[in-house]
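Let's take a friendly walk through a protein model, looking at its strands and then at its open space. Have the picture ready and follow along.

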Amino acid sequence: MCSLRIAVNTRRRDESGQWGDKPNYFSISVFGNQAESCSQYLSKGRPVAIDGRLEWREWQAQDGSKRESVEIVADSVQFLGSRGDGDSAGGGNQFVPAGATQSADADFSGADDDIPF
């Protein structure tokens, strides 16, 4: 098992009306061979794509208070960019969710041409 946290930036307006990035942090649990790969090859700032499910946990803390958290249990983890590219935007790699198929010659360059917004 490998536990990691990822940051996902969300673009929002602050109180003054200026746009800025606000990070949201998520706890991820990865199992099996993917966990070994994550522990070996992931480092801070390395872009990843994660496909998984949400899992709700509840427990009682030592002081008696009830605690709860939501974490993502990864079904698949895809490393994006190159190994030395921590700040890369993905280098053109495309994420394919677990269970989906993608042909080797798929062309996504005009995939959103018919979206009205």
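A pocket is an open set of grid points with protein on both sides within 12 Å along at least five of seven lines. This model is predicted, and its largest pocket holds about 460 Å³ of space. Which residues are closest to the centre of that pocket? They are I6, A7, R46, P47 and V48, out of 15 residues that line the pocket.

Where does the lining come from? Strand 1 and strand 3 (48-60) are the elements that give two or more residues to it. Strand 1 gives the most, with six residues.

| Kind of lining residue | Number of residues |
|---|---|
| Nonpolar | nine residues |
| Polar | three residues |

Strand 1 (residues 2-13) runs antiparallel to strand 2 (residues 19-30), and twelve bridges join them. Strand 1 and strand 2 form a hairpin, with five residues between them. In the turn of this hairpin, G17 has a positive phi of about 90°.

Strand 2 has another partner to look for. How many bridges join strand 2 to strand 4 (residues 66-79)? There are two, and these strands run parallel. Look for S29, whose bridge partner in strand 4 is V73.

As you turn the model, keep one general idea in mind: in a regular strand, side chains alternate between the two faces of the sheet.

Conventions
Residues numbered from 1 in each chain as written. Predicted model: local features only at pLDDT ≥ 70, side-chain atom pairs only at ≥ 80, totals over all residues. Heavy atoms only, no water. Pairing = 2+ DSSP bridges. Helix = DSSP H or I, 4+ residues; strand = E, 2+ residues; numbered from the N terminus. 1 Å grid on protein atoms, 1.4 Å probe; cavity = no way out; pocket = protein on both sides within 12 Å on 5 of 7 lines; lining within 4 Å. Points joined across faces, edges and corners; volume = space filled by probe spheres on them. Nonpolar A, V, L, I, M, F, W, Y, C, P; charged D, E, K, R; others polar.
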